[in-house]
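Open the model in your viewer and get ready to select residues. Each stop tells you what to pick and what is there.

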Amino acid sequence: MEVNSDKSVVFNYIKFILILGVVAIHSSIYAHCDIPANPIGRGIVLFFANGLTKVCVPCFFLLSGYLYFNNVDRFTRATYLSKTRRRIYSLLIPYLLWNVIGLGIALLKYRFFNYPSFGVVEEGHLYIPRLVEGFWDYANGYPYAFAFWFIRNLIIFVVLSPLAYLIGGRNVYIFGAFIVALAAFDISLWGFEYFILGCGIATFFKKQLLEIKRSAAFPTLIIWVGIAAATLWVDFGRFGSLMLMSASVCAFFSLYYIFRQAEPRLDNRFVSTIVASTFFIYAVHQFFVTVTLDFYIGIFNIETAAGGIAAFLLSFLTKVAVSFIVWLIMRRCMPGVTRVLSGGR
């Protein structure tokens, strides 16, 4: 593979796997309820739902930064405006539309199932200021479409992309100093640090990514899995952010290598169809997370290892399958609407 080659399909595979990881996080039955559980079953579920997948959101921010600054030789005003304009269609419009859907579901839950309205409905009437605020912060810092907090933050990062470039794309020493500061002072920038990290990789370490060999990819995979396993027993304290960043970078490099090698074997209609549903799986599954978890927790005895694992797996598979079926139906019946809701993906 040539150094200047970027196969977007490889990044599509990575996005798909990361989205499956997000769904797994939202299928964590032991995070949903505090019930005594078999330590083996609990450990297996937490490893996949809270350990291995903890890198998924940071990797998404990192990948977003990488793709934003990929092939940018000079970050000019025209470049900024062009990229921002494109993301109005790929990020902002889907964000607003899915939050409208989330608002509608929230109102139905309030009206018919006695769910709280979090101030959107006051004395039987819509309180417009709170309704508008819900597109940003409806409950506990999440918008109506709660999983879209990531897109909300990413929209802000796109607006702040000149700052990301100043830190991560102008000078490798400034970029290095930024990474050292993050590690030394345990700084969290709500994901912006990973967007900057993606900028730095695209600018200074793209060759290393595109040329990564098995001898380098295998250790990064081991580090990622090792940190994921360690988090089940070790409290890293002030080094937690450093561990997460290390695991996320290792996951990004190892996933790139895995899918770059597997890409010829994955090049078929079946895989392409599944991967094309990535955004819809992300968008749709969030609206029935709690219902699905409650359903399987009610069926299985999650205090046992087998029951806990079964509830986790079936909750995960149900969310993926239902979301995929919704996408198939909408793509066939309303292709234009589906394209808009997917941001043109």
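**Stop one: a helix pair**

Select residues 214–230, helix α12, and residues 240–266, helix α13: they pack at an angle of about 140°, with axes 8 Å apart. Helices here are DSSP runs (H or I, at least four residues), numbered from the N terminus. Axes are lines fitted to C-alpha atoms over the stretch in contact, and angles run from 0 to 180 degrees between N-to-C directions. The angle makes α12 oblique to α13; oblique is what remains after under 35 degrees (roughly parallel), over 145 (roughly antiparallel) and 65 to 115 (roughly perpendicular).

Now show side chains. On α12, pick R214, A217, T220, L221, I223, W224 and I227. Facing them in the contact from α13 are M243, S246, A247, C250, A251, S254, L255 and Y257. Contact means heavy atoms within 4.5 Å.

**Stop two: S342**

Go to S342, in the segment after α18 (335–341). Is S342 buried or exposed? S342 counts as buried, because its relative accessibility is 4% (buried is under 20% relative accessible area, exposed over 50%, partly exposed in between, with a 1.4 Å probe and protein chains only). Leaving aside neighbours within four places in sequence, S342 touches P94, F279 and F280.

**Stop three: confidence**

Colour by pLDDT, the predictor's confidence in each residue, from 0 to 100. The protein's mean is 92, and 98% of its residues reach 70 or more. Select residues 1–5: there the pLDDT is below 50. Where pLDDT is low, the predicted coordinates should not be read in detail.

**About the model**

This is a predicted model: local features need pLDDT of at least 70, side-chain atom pairs count only at pLDDT 80 or more, and totals for chains, interfaces and linings use all residues. Residues are numbered from 1 along each chain as its sequence is written, and side-chain values use heavy atoms, leaving out hydrogens and water.

Technical notes
Helices (H or I, at least four residues) and strands (E, at least two) are DSSP runs, numbered from the N terminus.
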